Amino acid sequence: VGAYRAWCRGGIVNSVASPVPTGHDLAYQHVCESASYPVFRRWTLQVQPGARLRVVGWLRKDVSMTYRPRLQIIGQDADTLFDPANEPLAEQAMTDSVDTWEQLTLEWTNTAATPRDVWIRSLAMAATGNVYSAVDWDAVDVDGVLADIEAILSNVSVPTSELATATNLAALAGDVG
């Protein structure tokens, strides 16, 4: 109950309780079965206009691989698996470490005027071996945060008698220096 399994042309993805990176109870095991086709796990979400998507993922592999496992942010309307001419919105690949969790961080901002559907994807491709992934993300409304800060600052009032003069600032700088 609650287990995850997906079949891809390049292998199978299973939810597993071990190994997992620190702070996680679950990871996804990518059982690689093809050097020509990928095995992947993807998460679907919608990013609002002006929002910044930040993805932190942990990847681990148990053998050396020519094609390095990676973490991607993909536009659903421009998937690189269907058309290699498309570029990921953001991507980072592992180093060639073995049996070590690597933390990868991706960021992408939706600069469009409308919401954008995206996939977060962990991807591996090898004839044999396992890759493990765990992923966290958040989408921050950058424009909304800036508007909130501007609104707060516009309501701050300081009596002119308390404003620092150039002389006061110079004296403060001397005290700090």
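Is E107 buried, partly exposed or exposed? With a relative accessible area of 45%, E107 is partly exposed. The model described here is predicted.

## Sheet

Six strands make up an open sheet with antiparallel pairing. Their order across the sheet is β1-β2-β3-β10-β5-β8. The edge positions belong to β1 (5-8) and β8 (102-109); each has a single partner strand, so one side of each has no neighbour in the sheet. On average, neighbouring strands are turned by 25° against each other, direction ignored.

Within this sheet, strand β3 (residues 27-32) and strand β10 (residues 130-141) run antiparallel and are joined by four bridges. H30 has V131 of β10 as its bridge partner.

Side chains of opposite charge can pair when their charged atoms come close. The structure contains six salt bridges. One of the pairs is R54 with E107, whose side chains meet at 3.3 Å, N to O. R54 belongs to strand β5 (residues 51-61) and E107 to strand β8, and the pair links parts of the chain 53 residues apart.

R54 has a relative accessibility of 32% and counts as partly exposed.

## Salt bridges involving loops

R68 and D96 also form a salt bridge through their side chains, at 3.7 Å, N to O. R68 sits in the loop between β5 and β6 (70-75), while D96 sits in the loop between β7 (90-93) and β8; the two residues are 28 apart in the chain. R68 is partly exposed at 31% relative accessibility, and D96 is partly exposed with a relative accessible area of 34%. A network of salt bridges links R68 and D96 with K61.

Another salt bridge joins D77 to R116, with the closest N and O atoms 3.0 Å apart. D77 is in the loop between β6 and β7, and R116 is in strand β9 (residues 116-126), so this pair ties together parts that are 39 residues apart in sequence.

How exposed are the two partners? D77 is exposed, with a relative accessible area of 61%, whereas R116 is partly exposed, with a relative accessible area of 22%. D77 counts as exposed because its value is over 50%.

How values were computed
Residues numbered from 1 in each chain as written. Predicted model: local features only at pLDDT ≥ 70, side-chain atom pairs only at ≥ 80, totals over all residues. Heavy atoms only, no water. Pairing = 2+ DSSP bridges. Axes fitted to C-alpha atoms, helices over the stretch in contact; angles between N-to-C directions. Salt bridge = Lys/Arg side-chain N within 4 Å of Asp/Glu carboxyl O. Buried < 20%, exposed > 50% of the residue type's maximum accessible area, 1.4 Å probe, protein only.
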